[in-house]
Amino acid sequence: MPTMRDIKGRIRSVTTTKKTTKAMNLVSSSKLSRAKAKLTRGTPFFEQMRRVIVNVVDSAGEVEHKYFEKRRVKRSLVIVIANDRGLCGGYNANVCKYAVGLANSIPNDVVFFTIGKKARDFMRNLGGPGHDGEIDDGGIIDHMTGISENPFYDDALDIADKIMPLYESGLIDEVHVCYTQFVTAITYVPTSIRILPLDAADFAEETKAKGGMRALMKFEPSPDEVLDYVVPKYLATILFSALTTSAAAGQAATMMAMDSATENAENIIDGLTLMYNRARQAAITQEVSEIVGGANALK
């Protein structure tokens, strides 16, 4: 049975842990507010970029463009967005497992582009063809770290700049993004979206939803050149949206995990305090018994 000194030491240790988890909960709560604000600010820009493409597709009719072309898919790229750090419950594992499930459902070769150390470490255990057909770090064609918790639009542009040449050169034939959709502070769902090639039918559906009215626009110098300029920025906007919603979900997951850890620490402290009081009471009772026994012996 542990001594009172041992129990007091454990209480001090758990109390220190509780202070740490409580502080991390407060920090995550603050970061979550900023992440949600960034996610909200980026929505109008994303909608405007999509509206431009809708107008181009609507005005051009049949779209024949490299970013819309239908090709035989031989190799797919899956971008996986997770955190650089843990202590966020099942957030990292859930999105990585979702990405693995997506990869398993794709019949052709799959390579990964990981965002965050946890995604990179998870995917390193998976084999697959890498760049130029070689095994490259367990199927990882590229990775970026240090941006998952506080992403900027320039980070999304950097990712787009890396994947666009791979698609244009034919090294990859389609691109999927796996990320965690932030819904509420307690609800976040792993999901995915295909960002390349684009499907003209998706944009045409928006025109039908508005009553089927064609946009009366003329694009200079040509619709193709407008798409050459707009689509990369549109893809970067999608990536930025995925990064920001994942960042918000990651902070929410950390906040919930630290809140649960703080509550568990309080329960442990209560149990240890009860154990300490019982041990102290037993020690006092024993001392009283010894005193009484000694007094009786002197009579």
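## The N-terminal segment

Proline 2 lies in the segment before α1 (4-60); helices (H or I, at least four residues) and strands (E, at least two) are DSSP runs numbered from the N terminus. The model is predicted: local features need pLDDT of at least 70, side-chain atom pairs count only at pLDDT 80 or more, and totals for chains, interfaces and linings use all residues. Residues are numbered from 1 along each chain as its sequence is written, and side-chain values use heavy atoms, with hydrogens and water left out.

Proline 2 counts as partly exposed because its relative accessibility is 35%; buried means under 20% relative accessible area, exposed over 50%, and partly exposed in between (1.4 Å probe, protein chains only). Leaving aside neighbours within four places in sequence, proline 2 is in contact (heavy atoms within 4.5 Å) with Ile7 and Met275.

## Overall architecture

The chain has six helices and five strands. Read from the N terminus, the order of elements is α-β-α-β-α-β-α-β-β-α-α.

Of the 299 residues in the chain, 41% are buried. Among contacts with a separation of 6 or more, 78% are between residues 24 or more positions apart. The accessible surface of the chain is about 16,200 Å², and carbon and sulfur atoms account for 54% of this surface; accessible areas come from the Shrake-Rupley method with a 1.4 Å probe, and for residues only the protein chains shown count as cover.

Histidine 143 is in strand β3 (residues 140-144). Histidine 143 is partly exposed, because its relative accessibility is 32%. Its C-alpha is separated by 9.1 Å from that of isoleucine 79, 64 residues away along the chain. Apart from neighbours within four places in sequence, histidine 143 is in contact with Phe113, Thr114 and Arg120.

Histidine 176 belongs to strand β4 (residues 174-184) and is buried, since its relative accessible area is 11%. Its side chain makes a polar contact of 3.2 Å with the side chain of glutamate 174. A polar contact is a pair of N or O atoms within 3.5 Å; within protein, one must be able to donate a hydrogen and the other to accept it, and residues adjacent in sequence count only if both atoms are side-chain atoms. With neighbours within four places in sequence left out, histidine 176 contacts Leu77, Val78, Ile79, Leu102, Ile106, Ile193 and Arg194.

## Helix α4

Helix α4 (residues 153-169) has 17 residues and spans 25 Å from its first C-alpha to its last, close to the 24 Å expected at 1.5 Å a residue; the expected span is 1.5 Å times one less than the number of residues. Glycine 170 follows α4 and has a positive phi, near 90°.

The buried residues in α4 are Asp155, Ala156, Ile159, Ala160, Ile163, Met164, Leu166 and Tyr167. An α-helix has 3.6 residues a turn, so residues three or four places apart point the same way.

## Helix α6

Threonine 254 is in helix α6 and is buried, with a relative accessible area of 10%. Not counting residues up to four places away in sequence, threonine 254 touches Ser28, Asn83, Leu87 and Cys88.

Valine 288 is also found in helix α6 (residues 223-298), and is partly exposed at 46% relative accessibility. Ile284, Val288 and Val292 form a nonpolar surface patch with about 230 Å² of accessible area together. Patches are made of residues with over 30% relative accessible area and no salt bridge, with like charges joined within 9 Å and nonpolar side chains (Val, Leu, Ile, Met, Phe, Trp, Tyr) within 5 Å. A salt bridge is a side-chain nitrogen of Lys or Arg within 4 Å of a carboxyl oxygen of Asp or Glu.
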